[in-house]
Amino acid sequence: MLDNSVTIKAPSVEQAVKIGLSKLNISEDQAVVTVINEGKKGLFGFGKQDAIVEISAKTKISLNDLAEETKEVEEVAVVAVESQTVAEPVVPSQEVSPLTEETVLVEEAEEVVESEEKTEGSVSLEAVARYLEDVIKAFGAEAKVSVEASSREVHFNIETDKSGLIIGKHGKIIDALQSLAQVMVHRGHHRRVAVLLNVGDYRDRRAGILESIADRTARQVLKTKQAVILDPLPAFERKQIHSHLSQIEHVKTHSEGVEPNRYLVVEYEN
């Protein structure tokens with residue numbers, strides 16, 4: 001659970017932030033603001049959505065200032081990986097083609113996994129959990145990561161008093177850490193499993209928000225019989241909305257675009 005935090009719903013992000021700061025009795029520079037949903041103005045009153053914002057009180061300004069940077073996870077994760085001892089060090093003379101930060105993050109993660117691999121190509125899930133703890137610690141938060149695994153799913157649960165920092169603006173940090181964990185788990189297992197990273201009840205609250213968005217969108221599509229395009233979402237969140245809407249008659253969904261800007265299109269179906 002988040003300590004000293006509130007979740008506010010209002011017509012705009014600015015209004016939600018103002019209300020949240022007032023409730024917590026803190027100033028904006030003393031808060032970590034996570035925008036869960038920016039809301040939509042709609043057209044002629046249709047499709048209007050309120051903004052939803054989560055506000056947490058800072059404990060250390062320097063840590064939360066770091067969370068506002070859009071590339072903090074990638075930079076810190078690379079630093080954390082480079083500080084580890086790997087089985088096969090990179091040959092200094094080897095030339096490397098220009099890579100995006102995301103590609104570097106994935107390749108560094110694979111390097112760590114290779115050093116943790118056991119017999120028959122398996123990788124210790126506990127090793128992945130310890131690695132996530134190191135990454136989180138590298139950008140200023142202490143955390144304990146536990147693992148729950150089944151034949152089809154692996155859940156990494158984070159316990160920390162810096163939940164707002166780990167979730168990040170628009171959930172970018174926790175989603176990036178989940179992608180990293182997924183790469184490491186899949187790298188060491190032949191059979192693909194679903195990987196979910198959670199802190200407190202964030203995923204449950206986020207799932208509720210996604211279902212609410214799905215229901216409002218379905219009502220709009222059924223009323224107007226016009227397609228609605230949703231904002232870009234991670235693949236696992238698109239899957240949640242698709243699964244929810246698949247239970248509603250005369251509504252169908254499909255994805256368009258290229259990651260990380262891939263989005264859902266919700267359409268009317270006779």
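**Notes on the model**

1. R130 and E133 form a salt bridge, with 2.9 Å between the closest N and O atoms. This is a predicted model. The two residues are three apart in helix α5 (residues 125–138), so about one helical turn separates R130 from E133. R130 is partly exposed at 27% relative accessibility, whereas E133 is buried, with a relative accessible area of 14%.

2. Eight salt bridges are found in the whole structure. One of them joins the side chains of E54 and R205, at 2.7 Å from N to O. Because E54 belongs to strand β3 and R205 to helix α8, this pair ties together parts that are 151 residues apart in sequence. E54 is buried, its relative accessible area being 2%; R205 is partly exposed at 21% relative accessibility.

3. K162 forms a salt bridge with D161, and their closest N and O atoms are 3.3 Å apart. K162 counts as buried, at 15% relative accessibility. Salt bridges with shared partners also link E54, D201 and R205 into one network.

4. An open sheet of three strands has the order β1-β3-β2, and its pairing is antiparallel. β1 (5–10) and β2 (31–37) are at the edges with a single partner strand each, so one side of each has no neighbour in the sheet. From one strand to the next, the twist averages 20°. Six bridges pair β1 with strand β3 (residues 51–57) in the antiparallel sense, and K9 has I52 in β3 as its bridge partner.

5. Helix α1 (residues 13–24) lies across β1, β2 and β3 and runs at about 35° to β3. Helix α8 (residues 202–224) packs on the sheet and touches β1, β2 and β3, its direction making about 35° with that of β2. R205, the salt-bridge partner of E54, is in helix α8, while E54 is in strand β3.

6. Strand β9 (residues 263–268) pairs with strand β7 (residues 228–229) in the antiparallel sense over two bridges. Within that pairing, I229 has V265 in β9 as its bridge partner. Strand β8 (residues 251–256) also runs antiparallel to β9, joined by six bridges, and T253 stands opposite V266 in β9.

7. The hairpin of β8 and β9 has six residues between the strands, and G257 there takes a positive phi near 90°. P260 is also found in the loop between β8 and β9. The peptide bond from E259 to P260 is cis, with omega near 5°. Most peptide bonds are trans.

8. Which residues other than glycine have a positive phi? H170 is one, with a phi of about 60°, and H250 is another, with phi near 70°. Most residues other than glycine have a negative phi. H170 is in the loop between α6 (163–167) and α7 (172–188) and is partly exposed at 31% relative accessibility. H250 is in the loop between α9 (235–245) and β8; at 36% relative accessibility, H250 counts as partly exposed.

9. The structure holds zero aromatic pairs. The charged end of K225 does sit over the ring of Y268, at 5.0 Å from the ring centre.

How values were computed. Residues numbered from 1 in each chain as written. Predicted model: local features only at pLDDT ≥ 70, side-chain atom pairs only at ≥ 80, totals over all residues. Heavy atoms only, no water. Phe/Tyr/Trp six-rings, centres within 6.5 Å; stacked < 30°, edge-to-face > 60°. Lys NZ or Arg CZ within 6 Å of the ring centre and 35° of its normal. Pairing = 2+ DSSP bridges. Helix = DSSP H or I, 4+ residues; strand = E, 2+ residues; numbered from the N terminus. Buried < 20%, exposed > 50% of the residue type's maximum accessible area, 1.4 Å probe, protein only. Axes fitted to C-alpha atoms, helices over the stretch in contact; angles between N-to-C directions. Contact = heavy atoms within 4.5 Å. Salt bridge = Lys/Arg side-chain N within 4 Å of Asp/Glu carboxyl O.
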